[in-house]
Amino acid sequence: HDSNDTQAVKLTGEEIAKHNNRESCWVIVDGRAYDVTEFLPEHPGGPKIILKYAGKDATEEYAPIHPPDTLEKYLDKSKHLGEVDMKTVEKEEKEEDPDEAERQERIARMPILEQCYNLMDFEAVAKRVMKKTAWAYYSSGADDEITLRENHSAFHKIWFRPRVLVNVESIDLSTTMLGTKVSIPLYVTATALGKLGNPEGEVVLTRAARKHSVVQMIPTLASCSFDEIVDERQGDQVQWLQLYVNKNRDITKRIIEHAEARGCKGLFITVDAPQLGRREKDMRSKFSDVGSNVQNTGGDNVDRSQGAARAISSFIDPSLSWEDIPWFLSVTKMPILLKGVQRVEDVIRAISAGVHGVVLSNHGGRQLDFARSGIEVLAEVMPELRRLGLDNKIEIYIDGGIRRATDIIKALCLGAKGVGIGRPFLYAMSAYGLPGVDRAMQLLKDEMEMNMRLIGCSSVDQLGPEFVDTRGLSMHTTGVPSDTLGLDVYDPLVGPAASLR
Ligand SMILES: Cc1cc2c(cc1C)[n+](S(=O)(=O)[O-])c1c(=O)[nH]c(=O)nc-1n2C[C@H](O)[C@H](O)[C@H](O)COP(=O)(O)O
């Protein structure tokens, strides 16, 4: 077919079906055919998942994982074969999902949004209504998920020292982050594959962030394209970019320059994931052969038994080191922050390296198990920075396990500029869409206003270490409180033992 012939005559399903093997592999995505034969070995998710759809329509499996402009960006135009007459394409027998009927029945019975009173409620509903593979990917922590639980339970080891008889009639929750005024000291942190939970993906979070004047951190591994998410931004709404550094620095440079050109106001380099963690719930789901080609790199040596996480992350550069920081400072004017710093020595090193901030984070417990919670590291960092006179040199954020406004207040008392929140907004989006995320943010604002009043502070700049008692923080022996719904989500029987329930 030459191009205008292809434009005139649509390809038929029968013709495409002939190209169903490694020697000649054509797939259909969104009604158009593509010759991916040469791309097979480059696919980060490995050739297996593509070959599964060789000669067929791959759209349904493809869409939640790949930004829409992926083929435009990464597949040579000569491989774009043109439009398909979809009436001639045989409908794929969908693998019967045994849980689907039961899931639909739970969706029909799910509580109305107004019955969600806190962020854990969204988690409990999402667990029961989300597709298993999506729930597995979002909820997964690494290994035994000790750090996943510790992230939230660490806040239960910090107690308040409220003051009284202070005029708290009007409460101001606003502050600034990297110079941006925000209505509450939280941001929507970067979490990959938003379309697993909601067909619209990350743009839903953009709309909620805009409504609540909070910052959105755009993930490198978003389901939506970067430009879709930025196009959704309106007015003076602020977005940051979370960056997984590619082994191919030209790709990384292009991404950074494009983000700056599109108005991103911060570059958060993820430094705690030279290799993505071992998330067993995710590994058990059928993602073992699905991958994203968000960043094309070579090698069929992707270990596809590691679920979506490993399949979509083979491009990440494990050789990234402090020596690279000057290069990043040379390629952008955006403030640069390191996301995933986990001890005070590295915060001090970050300050001398000239970056503008850090996020004290263990990636939501999805990386190194037995890493300490962000709040515990914060309690280690700030006194040392004050001792060295460095506490105003950079902005310090934490994320991980933030589920209540009291968690936010504790972080600010200990010196954080703000906090990142991940899963709760994903669960709210997955269960209730934009109204869910909107309500989740409003609940936090209502909780925060009340709690500020009760500890005797009328604005966040009054918060300080004198309002908290952190003596219990380094004790890791406390049993994880069983009264939080979040614990219901850790389900050891999700694996092979499930059938023995
Ligand atoms: C929940 C979640 C978190 C991810 C995340 C995906 C999910 C579903 N992904 S991941 O696939 O690679 O692990 C990212 C990511 O793309 N990049 C990143 O810097 N952090 C990633 N994180 C970590 C996130 O930015 C926060 O550190 C973490 O979510 C904070 O903990 P909570 O979920 O408890 O709020």
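Which residues of helix α10 (residues 203-211) are buried? They are V203, V204, L205, T206, A208 and A209, where buried means under 20% relative accessible area with a 1.4 Å probe, protein chains only. This is a predicted model, so local features need pLDDT of at least 70 and side-chain atom pairs count only at pLDDT 80 or more, while totals for chains, interfaces and linings use all residues. Residues are numbered from 1 along each chain as its sequence is written, and side-chain values use heavy atoms, with hydrogens and water left out.

**The barrel**
- Eight strands close into a barrel in the order β7-β8-β9-β10-β11-β12-β13-β14, with parallel pairing; strands pair if DSSP finds at least two bridges between them.
- From one strand to the next, the twist averages 30 degrees.

**Helix α10**
- α10 lies across β7, β8 and β9, at about 160 degrees to β8; axes are lines fitted to C-alpha atoms, for helices over the stretch in contact (heavy atoms within 4.5 Å), and angles run from 0 to 180 degrees between N-to-C directions.
- Its buried residues pack against β7 (186-188), β8 (215-218), α11 (226-231), β9 (239-243) and α19 (423-455).
- After α10 comes S213, with a positive phi near 50 degrees.

**The antiparallel strands**
- β1 (residues 26-29) and β2 (residues 32-35) run antiparallel, joined by 4 bridges, and V29 faces R32 in β2.
- They form a hairpin with 2 residues between them, and D30 in the turn has a positive phi of about 50 degrees.
- β2 also pairs antiparallel with β3 (residues 80-83) over 3 bridges, with A33 opposite G82 in β3.

Key: Buried < 20%, exposed > 50% of the residue type's maximum accessible area, 1.4 Å probe, protein only.
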